[in-house]
Amino acid sequence: MKKTLLYVGMLCGLAACTNRPSQEAEMDKFVSRLINQMTLEEKIGQLNLPTVGFDVTGPRMSEAVEQKIKDGLVGGVFNTYTPDAVRKLQEMAVTQTRLHIPLLMGYDVIHGHRTIYPIPLGLAATWDTALIRRIAVAVADEASADGLHWTFSPMVDIARDPRWGRVSEGAGEDPYVGAEIAKAMVRGYEQGDLRKQNTLLSCIKHFALYGAAEAGRDYNTTDMSRLRMYNEYLPPYKAAVEAGASSVMTSFNEIDGVPATGNRWLLTDLLRRQWGFDGLVVTDYTAIAEMENHGVGNKAQVTELAINAGVDMDMVSEYFIDELPALVKAGRVKEAVIDAACRRILEAKYKLGLFDDPYRGVSKERAAAQIMNAEKLALSKEAAVKSIVLLKNDRHTLPLDASKKIAFIGPLVKDQRNLIGNWSAAGDWRQAVSLWSALENKFAGHTFLYAKGCNLIDDAALRDKLNPHGGEIVPDSRSPQQLLAEAVQTARRADVVVAVLGEPFGMSGEAASRTNLDLPATQQALLKALKETGKPVALVLMNGRPLTLQWEHDHLDAILETWYAGTRAGDAITDVLFGDANPSGKITMTYPLNVGQIPIYYNHKHTGRPFNDKEKYTSKYLDAGNEPLYPFGHGLSYTQFTYSAVQLSDTTLTAGGHITASVTLTNSGSRAGEEVVQLYICDRVGSITRPVKELKGFQKVALQPGESRQVDFALTPDLLKFYNADLQWTTEPGDFWVFIGGSSVTANKAVVLLQ
Ligand code: BGC
């Protein structure tokens, strides 16, 4: 072992040079020499990414996988972590294989590794890209200390359909917000230098358009015009590539009739040629094998499709190791294509410094110092506070006055299981702070009233679907009627009721599409009974997607969206409920009135027959309005913010120039607070139709009561560019409206002429 590591290390040690071109030349030399020594089978082995489970005893794998690792038929594994488990696997690779090539250790570290932060849709609601970047840095620190090299994050799929459960994993519906967050995450994970041991290789997923699955049904077909793709869906992927993401994951859906995993236009023409991506492309879980179900070929044919389309690494299918040797021998796949794929994987390992130190500085001591340390737990709480969105607040129902009698009612008041949400990686829900324990902690000696009120769900069939996947949903021994009666009695004794309700975490995330976005029926019945007591009711929601909340909005006094807020959820919610923190989150997905309005998003096009309630033949519904319940960008505060009219430094913008659009923002209420100031444009006339509004900038501004601040946005012709019918990225002269306000419905605007 020593000898080879020394040999590999000597080659790699040369890479410690300071300038990048020579570093790249060294990497090239190193990888070329290695590839020259590899057999075809060994090269193909590098393209194989099986999953290897993990439990307290260490890595859990079949003998077959263990043998494959030893035979050099595995390039990386995922789903295993901890210093011991990783060391065991890595030792196998570097001591027992012919060429001693280290493994790449991947994992779905989506919104935290052990310390869990709010779900990505909640993080997006912070509109705080500096915070999101700090979180990505902290996540990489923790996960790398636990032996990981590679996270399958960020998910940057634009999603306009809340029926799709995976909206919880992304940043919502807007390409601009999506792109800003994608960049922040990639930069945070990779820090521009993967040789730093506290970084992770990021992975942009799911390439591409996965969020546009028809009818919001997971894994379903997508079909869209190139114009919509380029202008509305691709920007976050492209921004993440430009920010230096080192890997890309293909998506499960088809594009133009060809599954993404076998789509050469997507993976080679667009990603590599047009965007210049030179990192590694991995498939999604068994996506190569699934192409057989898509109906585009048999095992050998789909394998050929994938590798020739531009896939480098096969996640779980093992079609590459099964089929590629024969395909190369038959001349269906060029060995140069295998070499190129293998090179990209070896380069990723090289950039991570794995040839120098396959263990990448992992030790139990480092893990103990980094995992869930005080700094990370504090960051988790900060993020949770900032992700919370006050959707409604009548008559100052919130913040609560602790001197009043407050009843906390609902199955999520004392719950821990759901707080860390789905895709919470190695997070342990037992370490999550429930709302009730946070209350006890903050108000020691104080008595709050409590009743469970109902089960999370009473639908046994749904429970049977959720529980095998960690649901832990156990019906209460009391009947629903008893639970309800107790809740009503408790509410009657209180001055104000806080109902803590939502979706069990398994109702959102992967393979968790819904056709009905109401709160579960049993929870609705509870809310109605609470309302009938005549007491003010504040609803605290925990959920992973926009829900349909029309009844709740019409009848309840306050609604606080808290997502699944992570390890410190209870502490954060308590601070917001009692006014120690002022909510500042704003939603990045539209909340529809009902599922019939879906897909609904703020940056839609004009129609030729705009909404007019008095005219029959206009674009509308007979049974509901066109407007959503809560628009994109909406979120209230305990204070009020007032905006001046938009001021422009000039009304004409010329090529190469810029002008400034400003507002004066005033905190006209009585509490300190933060406001997300949003800049939108509307291109009045175009060679193709243009959206009614497009977000082009945002700033989060903190103001003391009575304080005013001028908020400036630079407008440049670049900001007004779009892809025209020939897919050229261009500006067109003419009038633009420039809006600045507190949500996407702002009418605060000025006109700019682009010359
Ligand atoms: C998901 C990916 C994930 C992968 C590996 C797939 O089912 O679509 O997002 O990264 O599994 O766990």
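In what sense do β21 and strand β29 pair, and over how many bridges? Hold that thought. We will get there by way of the whole chain.

A word on the source. What you see is a predicted model.

Let's start with the protein chain overall. The chain has 23 helices and 29 strands. Its radius of gyration is 27 Å, close to the 27 Å that the globule rule gives for 755 residues, so the chain is as compact as a globular protein of that length. Its C-alpha trace spans about 75 × 70 × 50 Å along the principal axes. And how much of the chain is buried? Of the 755 residues, 61% count as buried.

Now to the sheet. Look for five strands in an open sheet. Their order is β21-β29-β28-β23-β24. The pairing is mixed. Which strands sit at the edges? They are β21, residues 652–653, and β24, residues 694–703. Each of these edge strands pairs on one side only.

β21 pairs with strand β29, residues 749–754, in the parallel sense, over two bridges. To find the place in the model, go to T652: it stands opposite L753 in β29.

For a landmark, pick Y680, whose bridge partner in β24 is L695. Is β24 mostly covered or mostly open? Mostly covered: eight of its 10 residues are buried. So much for the sheet.

Last stop, the ligand. How many residues surround the ligand? There are 13. The closest are D108, R166, K205, H206 and D284. By class, that shell holds seven nonpolar residues, one polar and five charged.

In D108, a side-chain N or O atom is 2.5 Å from a ligand oxygen. For D284, a polar side-chain atom lies 2.6 Å from a ligand oxygen. For R166, a side-chain N or O atom is 2.7 Å from a ligand oxygen. And the cover? On its own, the ligand has 310 Å² of accessible area, and the protein covers 94% of that.

To recap. The sheet is open, with β21 and β24 as its edge strands. The ligand has 13 residues around it, D108, R166 and D284 among the closest. Over to you.

Notes:
Residues numbered from 1 in each chain as written. Predicted model: local features only at pLDDT ≥ 70, side-chain atom pairs only at ≥ 80, totals over all residues. Heavy atoms only, no water. Near = heavy atom within 4 Å. Polar contact = N/O pair within 3.5 Å; in protein donor to acceptor, adjacent residues only side chain to side chain. Areas by Shrake-Rupley, 256 points an atom, 1.4 Å probe, with all protein chains shown as cover. Nonpolar A, V, L, I, M, F, W, Y, C, P; charged D, E, K, R; others polar. Pairing = 2+ DSSP bridges. Helix = DSSP H or I, 4+ residues; strand = E, 2+ residues; numbered from the N terminus. Buried < 20%, exposed > 50% of the residue type's maximum accessible area, 1.4 Å probe, protein only. Rg over C-alpha atoms; globule rule 2.2 N^0.38 Å.
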